[in-house]
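Welcome, and thanks for taking a look at this one.

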Amino acid sequence: MAAARRDGAGQAAAARGQGRKRRWRPELLRSVVGSIQEGRGFAFRRKQKIERQYRKLLKKRRPVSSQQDDQFTDTYPEHLKHLYLAEEEKLKKRRRTQDDSVSSEEKLNKAAESFVTQEKFRNKTSNQKAKEEYEKVKAEHARKKEEAEKRKQQREEAQRLYKKKKMEAYKILSKKTKKGQPNLNLQVEFLLQKIQQNT
């Protein structure tokens with residue numbers, strides 16, 4: 001009985017809603033999309049979100065770096081102070097030896113090279129840089145083209161040799177006797193030569 005009542009109510013609601021259309025309301029869209037002046041635009045909200053995330057990252061990074069700097073400057077307990085100071089000295093010596101391992105000449109060479117390359121690029125105009133890029137690309141294309149030509153020639157040469165051998169084998173194997181029978185002597189000799197070459 002209750003199920004029949006529900007079905008009847010559902011049919012009546014469907015009949016009422018058939019002829020009606022929902023009105024378009026621009027107010028609903030304004031809450032989603034808006035101009036930047038209103039502060040509701042998608043791009044504006046996205047920019048704000050990225051800025052918040054960036055600030056969070058900066059806050060997370062600051063304490064980590066300060067901890068590393070202040071690792072040994074905390075107040076030490078009196079009875080363990082000498083151990084902490086000794087550890088600090090060891091670490092300082094390690095840092096010095098690592099820095100000294102890279103020779104000063106290498107440092108100077110690297111610095112000079114980087115300075116020269118920076119000067120080159122600094123003095124060149126964008127047109128000159130573009131020309132250099134173009135020349136590099138052109139040289140690369142020419143090199144690739146040469147390699148492709150070499151590969152093509154090698155392939156053609158290999159095919160020519162293969163066809164030549166095939167033709168010789170066909171001539172030997174297709175020879176006939178005076179009566180038109182296959183020449184088995186030549187075929188056996190050919191097979192013998194082939195076996196000897198393979199071994």
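## The largest pocket

K165, K166, E168, A169, I172, F190, Q193, K194, Q197 and N198 line the largest pocket. Two elements, α6 (126-173) and α7 (184-198), each give two or more residues to that lining. The pocket holds about 310 Å³ of space. By class, its lining has 3 nonpolar, 3 polar and 4 charged residues.

A pocket here is an open set of points on a 1 Å grid over the protein atoms alone, where a 1.4 Å probe fits and protein lies on both sides within 12 Å along at least five of seven lines; lining residues have an atom within 4 Å of a point. The volume is the space filled by probe spheres set on the points, which are joined across faces, edges and corners. Ala, Val, Leu, Ile, Met, Phe, Trp, Tyr, Cys and Pro count as nonpolar, Asp, Glu, Lys and Arg as charged, and the others, Gly among them, as polar.

## About the model

This is a predicted model, in which local features need pLDDT of at least 70 and side-chain atom pairs count only at pLDDT 80 or more, while totals for chains, interfaces and linings use all residues. Residues are numbered from 1 along each chain as its sequence is written, and side-chain values use heavy atoms, with hydrogens and water left out.

## How α6 meets α7

The axes of α6 and α7 lie 8 Å apart, and the two helices pack at an angle of about 145°. On the α6 side the contact (heavy atoms within 4.5 Å) is made by A169, I172 and L173, and on the α7 side by L186, Q187 and F190. These residues comprise 5 nonpolar, 1 polar and no charged.

L186 sits in helix α7. Leaving aside residues up to four places away in sequence, L186 touches I172 and K175. Its C-alpha atom is 7.1 Å from that of L173, 13 residues apart along the chain.

## The chain overall

The protein chain has 7 helices and 0 strands, where helices are DSSP runs (H or I) of at least four residues and strands (E) of at least two. Of its 199 residues, 4% count as buried, meaning under 20% relative accessible area with a 1.4 Å probe, protein chains only.

Notes. Buried < 20%, exposed > 50% of the residue type's maximum accessible area, 1.4 Å probe, protein only. Axes fitted to C-alpha atoms, helices over the stretch in contact; angles between N-to-C directions.
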